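Subject: Handing over the structure

Hi,

Here is the structure I promised to pass on.

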Amino acid sequence: MTGEANRLIYLPLGGAGEIGMNMYVYGYGPAGRERFILVDVGVTFGDMESSPGIDLIMADPAWIQARADRIDGIFITHGHEDHVGALGLLWPRLKAKVYARRFTAALAQEKMERAGHDVMEVRQADPWPHAVEAGPFRVSFVPVSHSIPESSSLLIETPAGRVLHTGDFKVDPDPIVGEAFDPETFRAIGDGGIRALICDSTNVFNDYPGRSESSLPEAIRSLIQSAEGMVVATTFASNVARLRTLAEAGRAAGRKIVVVGRAMNTMLRIAKATEVLDSFPPTIDPSDALDLPRSQLLVLATGSQGERRAASAQLASGKYMGMELKEGDLFLFSSKTIPGNEVAVARILNQLSRKGVEVVDDSSSRYHVSGHPNRPDLIAMHDLVRPDIVVPMHGEHRHLSAHAALANERGRQATIAPNGSLVELSQDGAPVVDTIETGRLYLDGSEIIGALDGVVRERIRMALRGVLVVSIIIDEKGRPLGGAWAEGLGLPEDSRLRDGLEGALESELEAVLGRTKRNVLDDDDALEELVQRTCSRVCNQAIGKKPVCKVMISRLEE
């Protein structure tokens, strides 16, 4: 590329200013004609408070979709849902080659296959020092430890300099499954010069060094050994190392291992197939577990975040695959509750308490360690890589701000770049040169809808206010026929009303329509507005609520 000045840019579309929905754009070339790579295509999950009925939420790729003919590759750092979960859903809008390491590639191919796309669009990449050539970019997968095997930072080399995108990582010398964090690898990368470190910020407020996965087995073995009844343990399905630790502790206690939940079984199957998991205790079918004494069972169950349909929630509320928790059993949460999931997890805790089940959660930190870098670990990464500038990512705005302040305290430049910040990674710094409008997409059943389409907003309004359906028939002469019919959904009754709320509405509507002028009766919009206004007034007086009112107008032809 000659004639015009080339620039290196970074643009987070998701994952910066929030936790989840990771999607990051890197570009190189003349302004307006850059070539691009996309890093991660993740999701987060809906909740009943802000997105009722929504299955998945993902960053809106509209900006990069409009430039899809200039995407030279999609690079997936690891297999967590918040980094790869939207690949099958959004790939048709991007249609670029996908690169990932072996284990992650297998998970990505499952996403593609489930969505009906060619799995060969996902290509397996070898780790650093091997590199993938993608247009003007040379991208290497640098192994890091995390809570899922084969996680990688990305070393992105361009004619304008080198960028290290950490992805999710932790400084763990012995992660049990997967590669250890190797300081010398990152020191060597830093020796070559790093223009910008785009860095995980999740645990910036934790002032103590992160703990190794290898610190857990002894405590977990002791807990399971002391249990008398059935033991159920839940953790993130993707934490293959933790699953093996739990299973080995169960075997050491003389228990048979049962794995329940699709996600957990899928992770174990792929981990074995891709050889990241070299051993795992034998498991038995849930149906065979029903014939064994409870004291001989360890059940590994999905649903550590309180998901209603997962195995943990179903065991807490009743039976699952014939198994039932009883008084004297033990339930272990070998996981951290992600912010926003506290209510769902508390629901399970209370259900278990009512059953008389002993619950051990993550509050003691004896049975769970984080997969992200704490403050001292971030300092270690900064010192190893020695970047010209630090750009925090993967965190809420307060995390980004605190991480930038940490870099400044240690004499490094930093740029706070939440979603939509187009950053030019120049030799003079990393200024935000433009702001891009970003948004969200929702998977609602089998359909992808926009956050501004009004579907979720209308659903929330109906949930908060209730629904009223009114039907009116207008005869051939333009007069109301038989008054109006009304039916409420999710509305309380007023005992003072002789014919109930619907009866009061129908009486009032009949009176209002009887004195309505012909020009209003002939105009659907004006008639609908009149009916809605009348219903709001009557309902507010009767029950103190103004429900969402849907009006159906039928006109008879002469």
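Below is what I found, going from the overall picture to single residues.

First, some housekeeping. This is a predicted model, in which local features need pLDDT of at least 70 and side-chain atom pairs count only at pLDDT 80 or more, while totals for chains, interfaces and linings use all residues. Residues are numbered from 1 along each chain as its sequence is written, and side-chain values use heavy atoms, with hydrogens and water left out.

**The whole protein**

The protein has 17 helices and 31 strands; helices (H or I, at least four residues) and strands (E, at least two) are DSSP runs, numbered from the N terminus. Its C-alpha trace spans about 85 × 75 × 45 Å along the principal axes. Of the 558 residues, 54% are buried. Buried here means under 20% relative accessible area, exposed means over 50%, and partly exposed is in between (1.4 Å probe, protein chains only). If you take contacts (heavy atoms within 4.5 Å) between residues at least 6 apart in sequence, 71% of them join residues at least 24 apart.

**The cores**

In soluble globular proteins, nonpolar side chains tend to be buried together. I use "nonpolar core" for a set of buried Ala, Val, Leu, Ile, Met, Phe, Trp, Tyr and Cys residues joined through side-chain atoms within 4.5 Å. The largest one here holds 37 residues, and Phe 103 and Leu 300 touch the most other members. Helices H4 (102-114), H6 (217-226), H7 (240-252) and H8 (262-273) each give two or more residues to this core, as do strands S15 (231-234), S16 (256-260), S17 (297-301) and S20 (330-333). The top contributor is H7, with 6 residues.

To see how Leu 300 sits in there, leave out residues up to four places away in sequence: Leu 300 touches Ala 233, Leu 243, Leu 246, Ala 247, Ile 257, Val 258, Val 259, Val 260, Met 264 and Phe 280. Apart from this core lies another, of 35 residues, among them Met 23, Met 58, Ala 68 and Leu 422.

**Two helix pairs**

Two packed helices are described by the angle between their axes and the distance between the axes. The axes are lines fitted to C-alpha atoms, for helices over the stretch in contact, and the angles run from 0 to 180 degrees between N-to-C directions.

H4 and H8 pack at an angle of about 130°, with their axes 9 Å apart. They are therefore oblique to each other (under 35 degrees counts as roughly parallel, over 145 as roughly antiparallel, 65 to 115 as roughly perpendicular, and the rest as oblique). On the H4 side the contact involves Arg 102, Phe 103, Ala 106, Leu 107, Glu 110 and Arg 114, and these meet Arg 262, Thr 266, Met 267, Arg 269, Ile 270, Ala 271 and Ala 273 in H8. By class that makes 7 nonpolar, 1 polar and 5 charged residues. For the classes, Ala, Val, Leu, Ile, Met, Phe, Trp, Tyr, Cys and Pro count as nonpolar, Asp, Glu, Lys and Arg as charged, and the others, Gly among them, as polar.

The other pair is H15 (residues 500-514) and H17 (residues 524-543), packed at about 140° with axes 10 Å apart. H15 and H17 are therefore oblique to each other too. Their contact includes Leu 505 and Leu 509 of H15 and Leu 530 and Val 538 of H17. By class it has 13 nonpolar, 1 polar and 2 charged residues.

**Single residues to look at**

- The peptide bond from Trp 128 to Pro 129 is cis, with omega near 15°. Pro 129 lies in the loop between strands S9 (122-124) and S10 (132-134).
- Lys 95 is not a glycine, yet its phi is positive, near 50°. Lys 95 counts as exposed, at 59% relative accessibility.
- Met 321 also has a positive phi without being a glycine, about 55°. Met 321 is partly exposed, with a relative accessible area of 47%.
- Thr 104 is in helix H4 and is buried, with a relative accessible area of 1%. Beyond its neighbours within four places in sequence, Thr 104 is in contact with Ile 76, His 78, Gly 79 and Glu 150.
- Ser 335 is in the loop between S20 and helix H11 (342-355), and is buried at 2% relative accessibility.

Cheers
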